[in-house]
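Look at the sequence and the structure shown below. The text that follows leads through some of their features, one after another.

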Amino acid sequence: MLFILRRFFHKAVATSESDTASDEKLPLFEDSEKAKHVIGYAPSPPSKSWTKHKKLPLVIKLLFLIFAFAFTLLSGQSIINYATLGYNAFLRSSKAYYHVACSQKVSVDEPISIAAPPIAELPVGAKLLDRNGWEPKCSSSKDKAHDCGLAIDSEGDLTYWQSANVTPGDVHWIVIDLKKKSNVHSLAVTPGPKSIGGSVRKHRVEVATEKGIWDLVALGTWRDSGGDKYATFEPRLVQFVRLTIVDSTQDKNFVAIGDIKIFGVDTIPPPVANGGRWNITLNFPLVPVTAFLNPRTQNLTTMSADEPDRFSVDQDRKTVSATWDPKNGIIEGEILTATGHDMFCPGTSLDESGRVIFTGGSTSDAISILDPLANTWSTPEDKTTHKPMKLQIPRGYQGQTFLPNGKTFMIGGSFSGGNVGDRDGELYDPTTGTCKKLLNVKAKFIKMDPVQSANPPDKWQQHHPWLFAWKKDSIFHAGPSKRMNWIFTTTTDGDVKDGGFRKDRNSGFADGDAVCGIASMYDAENGVILTAGGAPNYEYWLDTNHRRPTDGHRQEATSNAFEIRLGEVEPGTALKPKQVASMTHKRIFANAVILPNGETFVVGGQSQGHPFRDETWEPVPEIYSPETGKWREVAHHSTPRVYHSWAMLLPDATVIVGGGGLARSETDHYDAQIYQPAYLFTPDGKTAEQPKIKTIDKQLYKIGDKIMITTNVQVDSASLIRYSATTHSLNNDMRRIKLAVATEGNASNKKYSMKIPNDSGVTLPGYWMLFVLQNGVPSHAETVQILAK
């Protein structure tokens, strides 16, 4: 995919002869100077694309503080407690702060010392570069009054560069010579006057240390709205920056840019040994909160909510989405209205035929299904009422997983659906066309400690459960509650049996509740699940009862890690997990991706859970190796990925990491980044040669079948990784199967067979990526569909 991206919008940009080179001849990344990353907090420059905060008049602030002081004297509460509350509620942002429950206002008593910076303040670690002496060149200008020099004159859209009209399909470009090398980190574009249109939409950003040797660092589609648009990437020491405009708003044949700002950092640390590299940034026209790969096209679809930059509950029944096509690099936005479903905070899973099933969320009773081949959304018919199907229990934040028998199970939730009490288990059966409550599968079994999870007691103990379909028609609930459970759905009302606690079998060390930690089934044949991180509460600062900062629910995330081995017991038997080495960093809201070699990549998160804020975020990802039982830090990244972020494996064995935010413009992240694991590089830093699957006997298999392939080189291992969907740090259908590779005939023929495990509780029916590996280096994946018998 990354090599295809270098040909994105493959027109050569005709700058002066010394400034340009054909995209076909340009390497995406050279092997030197391309693996440098930022250590510390250096997020994207603050976006101001959808709102501007207005400060309350000073007199109102003073009156509020006087009232708080008087109330404090009468009630005996802490002056600091109420003063802090007043500061956070009014002085910080002048708008009511909404907790993740969307419609539920709550009080916060965050210390003043770590309050969010004003919106206009630059992010820590980044600075606006001085434009004095810069020299721009551009594809064209409408006239002298709209010369491209006006794009860097610091006057915003009061003056602007407007290009000449071009033939549809042609591109515009501007090259800025900084006149000296700088550690460039981000580019911001201020649109020209909205009245004339022509703002940048599809675009790409390239940088160069020397004239004519361009590196692609960002591409994508910016939304049509006011405010600056950012392309943020891992910093590089460069002198030249090129912005190519592929199309502009209102279908204009020109581009109008009011201002271009470039941000940099002081230093670029050296690469991390065996740490991989961060590659290009993808810019989306929304804050991507949910993501999935279409198994038929390998396109990546992302979603925000009913708006690209904010959300509501049970109001607008639509979803804003954007899809990236890796084959041509294009990102296109779309508003999904066919099913009347705001698919924000949903349950997600993929079934045997690759259909993507979304349930609940902001539209808490809805079900939407994507046909991956037709790329159309629909709502199944309830065969009892002959009306569009609805969930029996409205819910959002639920856990969901596809089952080997073709049904989809969900349980838990909070946030949406009104005051319906516990969100008990429910089963969607496409064969009978029904959604059925499982009366014995109570949400009380998966609840977390109400004292630790910080109330309200009827909502915030049963969200984002980790669910794994397993053998003998069982489902294992691994968390985030410290008590685990076995769930059975084949009887009329279902059943739940004790699964034990996440507690080390030898030392007795016990994990607590681990909200928005990670769980990855990296060895599905043996049922091995890695869990790590999480926190006892969703929000460290949530304080509905005016508790002080020392109260019991104020606990940071943990770095605890455990291995749970389902294969050691019969389903329905309590397990005894094994504690493994702790992560290097405490994390809540992190994301996990299983790599083809069996390692688990964990990225993002923060030590103090705080939705919609980036304080205490962790810029250093880490990887767990089952072979060593240890974690290692890898290449640092500079864009915070915390609440509402996600990560996913791509078929070329890279990882895409994106999103974060959706409520505060200064912490909304409209982008994603590609991470290249260390297995894609040789020890001296050059690009490794990936093995190739030359032929495969078919694309459709049943469990227990053999897969026959030929390769270009001799390979020594293989793995299957299931296609899945992810949101809110939850990806229940993600799992990996390690395949034994048998040589067929003469080894020089490079022909191999691999047997698919003969249990649909292991090989969950659906679409999988097949990788082969040589000395730990994975191939690009072949997509295969595996059916139940």
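On the surface, a patch of positive charge brings together Lys698, Lys702, Lys706, Lys755 and Lys789. Such a patch is made of residues with over 30% relative accessible area and no salt bridge, like charges being joined within 9 Å. Lys and Arg count as positive and Asp and Glu as negative, while His and the chain ends are not counted. The place of a charge is taken as NZ of Lys, CZ of Arg, CG of Asp or CD of Glu. One of the members, Lys755, belongs to strand 46, residues 751-755. Lys755 has a relative accessibility of 48% and therefore counts as partly exposed. Here buried means under 20% relative accessible area, exposed over 50%, and partly exposed in between, with a 1.4 Å probe and protein chains only.

The model is a predicted one, in which local features need pLDDT of at least 70 and side-chain atom pairs count only at pLDDT 80 or more, whereas totals for chains, interfaces and linings use all residues. Residues are numbered from 1 along each chain as its sequence is written, and side-chain values use heavy atoms, with hydrogens and water left out.

The protein as a whole comes next. Its secondary structure consists of three helices and 49 strands; these are DSSP runs numbered from the N terminus, helices being H or I with at least four residues and strands E with at least two. Of the 789 residues, 62% count as buried. The protein exposes about 28,200 Å², and carbon and sulfur atoms supply 52% of that area, as given by the Shrake-Rupley method with a 1.4 Å probe, where for residues only the protein chains shown count as cover. Among contacts with a separation of 6 or more, 67% are between residues 24 or more positions apart, a contact meaning heavy atoms within 4.5 Å.

Side chains of opposite charge can pair when their charged atoms come close. The rule for a salt bridge is a side-chain nitrogen of Lys or Arg within 4 Å of a carboxyl oxygen of Asp or Glu, and by this rule the count is 38 salt bridges. Asp247 and Arg201 form one of them, with their closest N and O atoms 3.0 Å apart. Asp247 is in the loop between strand 7 (229-245) and strand 8 (256-264), and Arg201 is in the loop between strand 4 (172-191) and strand 5 (202-208), so this pair ties together parts that are 46 residues apart in sequence. Asp247 is partly exposed because its relative accessibility is 23%, and Arg201 is partly exposed because its value is 22%.

Another salt bridge joins the side chains of Glu206 and Arg242, at 3.0 Å from N to O. Glu206 is in strand 5 and Arg242 in strand 7, so the pair ties together parts 36 residues apart in sequence. Are Glu206 and Arg242 buried or exposed? Both are buried. Arg502 and Asp511 also meet through their side chains in a salt bridge, again with 3.0 Å from N to O. Arg502 counts as buried because its relative accessibility is 0%, and Asp511 counts as buried at 6%. Salt bridges also link Arg131, Asp228, Asp259 and Lys261 in a network.

Some places concern the backbone. Most residues other than glycine have a negative phi, and most peptide bonds are trans. The peptide bond from Gly479 to Pro480 is cis, with omega near 5 degrees. Pro480 is in the loop between strand 25 (474-479) and strand 26 (483-488). Cys516, a residue other than glycine, has a positive phi near 55 degrees and is found in the loop between strand 27 (495-501) and strand 28 (518-523). With 4% relative accessibility, Cys516 counts as buried. Lys750 likewise has a positive phi, near 55 degrees, and is in the loop between strand 45 (742-743) and strand 46. Lys750 is partly exposed, at 24% relative accessible area.

Two further residues show what surrounds a buried position. Val441, in the loop between strand 23 (434-437) and strand 24 (466-470), is buried at 0% relative accessibility. Apart from neighbours within four places in sequence, its contacts include Phe409, Ile411, Ile487 and Phe488. Ser321 is in strand 12, residues 319-325, and is buried, with a relative accessible area of 3%. Not counting residues up to four places away in sequence, Ser321 touches Leu286, Thr301, Thr302, Met303, Glu332, Gly333, Glu334 and Leu336.

Conventions. Patch = residues over 30% accessible without salt bridge, like charges linked within 9 Å, V, L, I, M, F, W, Y side chains within 5 Å.
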